[in-house]
Amino acid sequence: MISIHDPIEKKETKIIEKYTNKICSIVNEDGYKLKDCKDKEIWTSKTNSNKSLSYALKEKTNHYAEEYKDSYNNDDPCIWVLKTVSNDNNYSYKNVAVCKSKDRLWGEINSHINQLVNTNLDYRKAKTYQGLWQDGINSIEFRELEIDNYINNIFKPEWESEESYIRSLVFPDHAPYTDQANNILKAIRAKFVEGRIAFECNMKDDGIWEPSQFDIDGAIYEYYKKRYSAS
């Protein structure tokens, strides 16, 4: 029986580290602290904080956009991953998601930050995120994935043994020559990567990732699960 997650995951998490950019982190230390992409503290939950969380979230986004020359109006699919770090500096990835535009990415991450620091929220998603603070976790990071760099460094060495149809989802035999076709390819590649990362990091069992109901990420997750668990 081939191991489902062991040495593959170790390789994969290193690739994720290399080809992601930190957007922000939340530290659970004498209250919650929000830090920007350069680890500068920009908000604290202490009652003497002179800055609202909503203002700090905008500041966090501005700092990231300035650091990486990012555009708020980018309509290409983008991927964020959630990383937890323990007191002894061990880390793991617990969630991954595709957003159809950069504005949606900021909205999703800001919502999850609020769920992580607002213990008064009582609905299922908020409780799921607040549960990430268990087991000695003192820092949670949101990171943006460089999709093309990730694909080029993770998948190409495996293509010779990959099923040709699965390979074509990421590297089609014919390059798209219309904007519409190119947009379709970008969306497929992004959802493919989401399912692959969720499998590699075992996010469905050891994290909080949930597959989409009507997209390919869940099918990709199941494909790799079956492939690497086959005798």
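In this predicted model, twelve aromatic pairs are counted, with ring centres within 6.5 Å taken as the limit. One of them joins Y32 and W133, whose ring centres lie 5.5 Å apart with 40° between the planes, a tilted arrangement. Y32 belongs to strand β2 and W133 to the loop between α4 (124-130) and β6, so the pair ties together parts that are 101 residues apart in sequence. Both Y32 and W133 are buried.

The rings of W209 and Y221 are also tilted, because their planes meet at 35°, and their centres are 5.3 Å apart. W209 sits in the loop between α8 (203-206) and α9 (217-229), whereas Y221 lies in helix α9, twelve residues away. W209 counts as buried at 3% relative accessibility, and Y221 counts as buried at 2%. W209 and Y221 belong to one aromatic cluster, together with F192, F199, Y223, Y224 and Y228. Y224 has R196 over its face, 4.5 Å from the ring centre. R189 lies over the face of F171, at 5.8 Å from the ring centre.

T20, in strand β1 (residues 20-28), is buried, with 5% relative accessibility. A polar atom of the T20 side chain lies 2.6 Å from the backbone oxygen of I16, and a polar contact of 2.7 Å joins the side chains of T20 and R143.

Helix α2 (residues 53-67) has 15 residues and should span 21 Å at 1.5 Å a residue, which agrees with the 21 Å between its end C-alpha atoms. Its buried residues include L53, A56, L57 and Y64. Among the elements covering the buried residues of α2 are β1, β2 and α3 (102-117). Just after α2, K69 takes a positive phi of about 50°.

Conventions: Residues are numbered from 1 along each chain as its sequence is written. This is a predicted model: local features need pLDDT of at least 70, side-chain atom pairs count only at pLDDT 80 or more; totals for chains, interfaces and linings use all residues. Side-chain values use heavy atoms; hydrogens and water are left out. Helices (H or I, at least four residues) and strands (E, at least two) are DSSP runs, numbered from the N terminus. Buried means under 20% relative accessible area, exposed over 50%, partly exposed in between (1.4 Å probe, protein chains only). A polar contact is a pair of N or O atoms within 3.5 Å; within protein, one must be able to donate a hydrogen and the other to accept it, and residues adjacent in sequence count only if both atoms are side-chain atoms. The expected span of a helix is 1.5 Å times one less than its number of residues. Contact means heavy atoms within 4.5 Å. Rings of Phe, Tyr and Trp (its six-membered ring) pair if their centres lie within 6.5 Å; planes under 30 degrees apart count as stacked, over 60 as edge-to-face and the rest as tilted. A charge sits over a ring if NZ of Lys or CZ of Arg is within 6 Å of the ring centre and within 35 degrees of the ring normal.
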